[in-house]
Amino acid sequence: MARARAAAGLCARDPQPSEESCTQEDLLLAAAYVSDAEHNRNVRFETSPQTIRLYYFYNHWAMRAATNFFIFLDLSLALFEEPALFPLPFLATSIAEVLCLTAFFGRLVHFAKVTPQMVFWKDTKNICIMVTIVLTLIDLIIYGSLEAVSIHTVRWSRALRPVFLINFPQSRQIRRTFRSIRNTLPDILYVFLLFLFSMLIFSLMALKLFGDRGLRTAGGSPYFTDILEIAFELYVLVTTANSPDVMMPAYDFNWWYSLYFITYIIINTYIFMSVFLAVIYNNYRKHLKNEIRKLAYLKRHKMIQAFDILKVKVGSEFVVKEAEWKRLAKIVAPNISSSHLELLLKISDEGQKGHVDKTNFIRLADLLNIQVVTMDVKRHPLEAWMPQVYTSSLSLFIQKMVQHRIFVWIYDVIILINAVFIALDEKNALISYAEWLFLSLYITEILLKLYTYEPRAYFGRKQFWNWFDTLIIIAALVATVANATIQSASRRSSQQILDIVLVLRVLRLLRVIVSIERFRVIVTTLINIGPTMLTFGGLVLVVYYTFAIIGMEMFHGKVQFFDSNFTTPGALVCGNPALKDTAFARDRYCKNNFNDLASSFIVLMELTVVNQWHIIAGGFALVTHQAAKLYFIAFHVVVVILIVNIFIAFILEAFFVAYSLEKSEVETAIEKKIQELGVGVKEEEVQDGALINHVDTKDSGFSGGDGHSKRKGSKGLYFRIASKRYRTVDTLLQRMFESEIAPEDEGPSLDEILNFSPSDIYPRNPNFENST
């Protein structure tokens, strides 16, 4: 901080700002703060010139890509280690793992060079990485030494590999999710203990009700005579996987006993599982909002630090000169075009005074995060080549017809009719000929649109559905022609090509989504929260990988899969006599095993779906020990009860925010300035009717005029906000809290920000007044 203040003093020293510019070191330091604010990085780094350059190198995309590559390589080693899907010698996999550990250690040393020593050693994630590296090396040495003397042991350190995925700085969203789970656990624990108590009470009741009645299951085994088996069956019943099978012996004996199971399901399946979701959602939302509040204030804190470095005094207020602002923005966003930069400057320098005040400077990170699409409106090539023909009455009528909404509706009806024909018998000659008619209509539609809209705009970088539709139609045409050619030559169809044709025809129906506005809104919202869902994909990957490694060490080789042509007795019992006459063997679950990483992931996916998971658990318990059921129960608790419910809570929150999001103050300022300059394209003009979204990266200046008719006839550069799209997930989530911060509010100190607690937002004892 002292260095930052000193740097700020250098820029603010002279009261005449035009006579002094900040040094390159000052700009690099300020740009580092702005870049951290833009990408929501919370790294406390040293501010010496050499360290700042190291910090830029640390955040370089190539360094992040290299780290991600080694993380991917480290995790994928489980595919090549015993039990392996693709076996490799131990020496090869161990060398690859040592290489990965070296890269992780180098990345950690690099991080230590840019952060203060006390901050580095207080950071838990750095300690976790170092401890994991040491433990992995110890395990490698021990395992390799024992393998050299033909003693097989357990590679326990493989389950620690996800630690590297979680704890490197670029995985902060996964870490945030784990923190939310950790913070939510105490509240969930009380509900879970109450749930277990309820299940124990019902287990004791079942033992007393059914244990001495001599009842038998459908397989002939005693019914509800062992308290542990009863507890497991009732836990399975909570997931409904064994309903109504578990009830049938008692129900057959006396229908009154069904009331016991109905009461159990109501209390434990519907009430307790709903309470789990409510508690998880409430606590997760509370901790999420606290995390986002920290991010919002930290971003503002970083921007104030950058302002203090570059500020100079003009009159009675401190400002940043226009030249310094431009240099700063070019360092933070080197690929920004001069036209885009000029637009942002006109927004920041509201009075065109040649400098940017503090309030507007703080908005720079938000301005860079809002995606502004630059559009180069070009004349149609036919208008340049044949102006008289293209602007004739007939041509203008065709263009107007294609642009009309009725044109879209007609093709929606055609698609729906096509869907009916797809569902009919393909062998019917009439259906086969009709497909050629539909293909002709779709090709005609594409040609008419290319005639109406400028081709480079129609196939612009962001025109996904135009590319999708065209590629589907062309592929379907090629496949249909190929199938017809083969059929005419050999009097039979190619099944593979026919399958491709059928799939392409079905995919064509997806175009209806674009035409119906509410569908488009929902799909766009889902696309916008896609990165959010990918965050939970990383979380699920971590949990799956850990359980898969543990499962392979416990169960590999216990169950074997044999092809249907095998006639050996072992094939009928999945290679293990303990599975004879079991539901596991009867249902042919032999391929559900832990003999390699891929098979383990498939089994875990089946366990996540829940249906029949007790049969899988029971099968592996028979080939090992009954205690093995605890592994499957633990997986169900962690993934299905905890993570899936948190995933639902997160998606609900993100969907509500994205679906109902109004334009922010920064977006409004950008749109206002775009319209003032007469270079704006309204959102409704870039839907189906006006496809001019051709992104131009040239450094062009402002040109053109206002009005769609004027744009249509002249070449010019225009801008629009990319509808509700953000460069980072954090930017979207911060919208839940940033509206509550006044623009002039500088926020609390850094230490206070880092020590925020959810209780600062939510009262411990809520009542009607403070809830309102």
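1. Let's start with the cysteines: C574 and C590 are joined by a disulfide, with 2.0 Å from S to S. A disulfide here is a pair of cysteine sulfur atoms within 2.5 Å, and by this rule the count comes to one. Keep in mind that this is a predicted model, where local features need pLDDT of at least 70, side-chain atom pairs count only at pLDDT 80 or more, and totals for chains, interfaces and linings use all residues. Residues are numbered from 1 along each chain as its sequence is written, and side-chain values use heavy atoms, with hydrogens and water left out.

2. Which hand does the disulfide have? The torsion about the S-S bond of C574 and C590 is about -65 degrees, so the disulfide is left-handed. C574 sits in the loop between α28 (569-572) and α29 (583-586), while C590 sits in the loop between α29 and α30 (597-609), so the pair ties together parts that are 16 residues apart in sequence. (Helices, H or I with at least four residues, and strands, E with at least two, are DSSP runs numbered from the N terminus.)

3. Are C574 and C590 buried or exposed? Both are buried, where buried means under 20% relative accessible area, exposed means over 50%, and partly exposed is in between (1.4 Å probe, protein chains only). Two other cysteines to look at: C100 is buried at 0% relative accessibility, whereas C128 is partly exposed at 30%.

4. Now turn to helix α7 (residues 124-148), which gives the nonpolar patch its largest share, six residues. One of the residues in helix α7 is V131, partly exposed with a relative accessible area of 41%.

5. Y544 belongs to helix α27 (residues 530-555) and is buried at 7% relative accessibility. What does Y544 touch, not counting residues up to four places away in sequence? The answer is F601, L604, M605, T608, F635 and V639, with contact meaning heavy atoms within 4.5 Å. F635 is 91 residues from Y544 along the chain, yet their C-alpha atoms are separated by 9.0 Å.

6. Finally, have a look at K629 in helix α32 (residues 629-659). K629 counts as buried, at 10% relative accessibility. Leaving aside neighbours within four places in sequence, K629 is in contact with E229, F232, A617, G618 and A621. The side chains of K629 and E229 are also joined by a polar contact of 3.2 Å. (A polar contact is a pair of N or O atoms within 3.5 Å; within protein, one must be able to donate a hydrogen and the other to accept it, and residues adjacent in sequence count only if both atoms are side-chain atoms.)
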